[in-house]
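Colleague: I'd like to learn how to read a model like this one. Could you walk me through it, feature by feature?

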Amino acid sequence: MAHSHRSSMSFCLVCIVVMAAAAALLQPASSQQAVPDIPNLKVGSNDRSTTLKCTNIKSNKTTCSATCNARCPHKCLIQCPSCKTFCLCDFYPGVSCGDPRFTGADGNNFYFHGKKDRDFCIVSDAALHINAHFIGKRNPAMSRDFTWIQALGIRFAHHHLYVAAQRTPRWDAAADHLALALDDEDVDVASLLPRFVGARWSPPTAPALSVTRTARVNTVVVELRGAFRIVASVVPITAEDSRIHNYGVREDDGDTLAHLDLGFKFYDLTDDVHGVLGQTYRPDYVNSLNVTSNMPVMGGAPDYLSSDLFSTDCAVARFGGRRHQQATAANIAMLTDDDDME
């Protein structure tokens, strides 16, 4: 079914450990095998009744167990064999969580609020373009929307990949709220991605693309070999979230504002990359935000506004332009299939 936008220790040492752990989740499997000191990570729920375990792969025996830290709002990572736990949204380069808080490639954190029900380009490069669809809720006491990323529209070669959180009137943590589509064809997630950790789907039309479950439901790694690796986790706005942040979300609203917490890793960006997050990967990027602020905000939303989820018409778009580096575009085309690029 086609959709237009598919609505629908010291502190420093702790930071180093968290960034290493999070980076491991974003490394391809081959890289993890090649670097033995990168920890093995598992994703878990913050349900205190859920115990995460580290298992010795040779003996198949549990070596240690832990529960998620209470401060993790939705998901956490357990690092094996140490059994240390980290929140999925602990700061490390390439993260976007909550009322979109990004961590740039320079390690600095910033907010980009955008506007609800609109689409914004977050990464635009010669051969890769990623838009985000924002959902939101207006607090009458504020001059802006509270916003969250509900879906990604990813373009590479001539393909269109849709990754989204389904609209959910009432949250059920045991249900899968993930939606996928490739080239305007819905992916049957239930049958193609069975509910077990490690379940993997790779389409024959783009064999370098894969989606792998890292939890039974709602958390996956989306990878295009040699181009990008994205951790996507579907999470709701809970009553506790609403109380703490004054979102004004109520159970009788009929919408839990399910959205995506995201982690990005890129492997072959050009020096001309742009977008809300993409610009922070440029070698000439200069951070002009007030990084000492409790809430540094990136403005300039009109520069990143796209007409729909798969459009490449934002003011800073770089995708497919003749003046941009064509070698990268050719490499990604070779990774997908033999058809010509648009």
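Colleague: Where does the pLDDT fall below 50?

Modeller: One such stretch is residues 1-25, which still has 46 contacts in the model beyond near neighbours in sequence. Residues 337-342 also stay under 50, with eleven contacts beyond four places in sequence. As a general rule, where pLDDT is low, the predicted coordinates should not be read in detail.

Colleague: Which parts of the chain does the pair tie together?

Modeller: Cys121 sits in strand E9 (residues 118-124), while Cys314 is in the loop between strand E20 (305-306) and helix H6 (326-336), so the link ties together parts that are 193 residues apart in sequence.

Colleague: Are Cys121 and Cys314 buried or exposed?

Modeller: Both Cys121 and Cys314 are buried.

Colleague: You mentioned E9. Why would you say E9 is largely enclosed by the rest of the structure?

Modeller: Count the buried residues: six of the seven in E9 are buried, so the rest of the structure largely encloses it.

Colleague: And which strands pair with E9?

Modeller: E10 (residues 128-138) is one of them, running antiparallel to E9 and joined to it by six bridges. A hairpin of three residues leads from E9 to E10.

Colleague: Next, aromatic rings. How do I read those?

Modeller: A pair of aromatic rings is described by the distance of the centres and the angle of the planes. A search of the whole structure turns up seven aromatic pairs. Take Phe112 and Phe120: their ring centres are 5.4 Å apart and their planes meet at 80°, so that pair is edge-to-face. Both Phe112 and Phe120 are buried.

Colleague: What else does Phe112 pair with?

Modeller: Tyr304. The Phe112 and Tyr304 pair is edge-to-face too, at 5.7 Å centre to centre and 90° between the planes. It links distant parts of the chain: Phe112 lies in the loop between strand E8 (109-111) and E9, and Tyr304 in helix H5 (residues 301-304), 192 residues apart. Tyr304 is buried, with a relative accessible area of 6%, and the value for Phe112, also buried, is 1%. Ring pairs link Phe112, Phe120, Phe134 and Tyr304 into a cluster.

Colleague: Last one: how do I think about the nonpolar core?

Modeller: In soluble globular proteins, nonpolar side chains tend to be buried together. The largest nonpolar core in this model has 52 residues, and Ile130 and Leu152 touch the most other members.

Technical notes: Residues are numbered from 1 along each chain as its sequence is written. This is a predicted model: local features need pLDDT of at least 70, side-chain atom pairs count only at pLDDT 80 or more; totals for chains, interfaces and linings use all residues. Side-chain values use heavy atoms; hydrogens and water are left out. A nonpolar core is a set of buried Ala, Val, Leu, Ile, Met, Phe, Trp, Tyr and Cys residues joined through side-chain atoms within 4.5 Å. Buried means under 20% relative accessible area, exposed over 50%, partly exposed in between (1.4 Å probe, protein chains only). Helices (H or I, at least four residues) and strands (E, at least two) are DSSP runs, numbered from the N terminus. pLDDT is the predictor's confidence in each residue, from 0 to 100. Contact means heavy atoms within 4.5 Å. Rings of Phe, Tyr and Trp (its six-membered ring) pair if their centres lie within 6.5 Å; planes under 30 degrees apart count as stacked, over 60 as edge-to-face and the rest as tilted. Two strands pair if DSSP finds at least two bridges between them.
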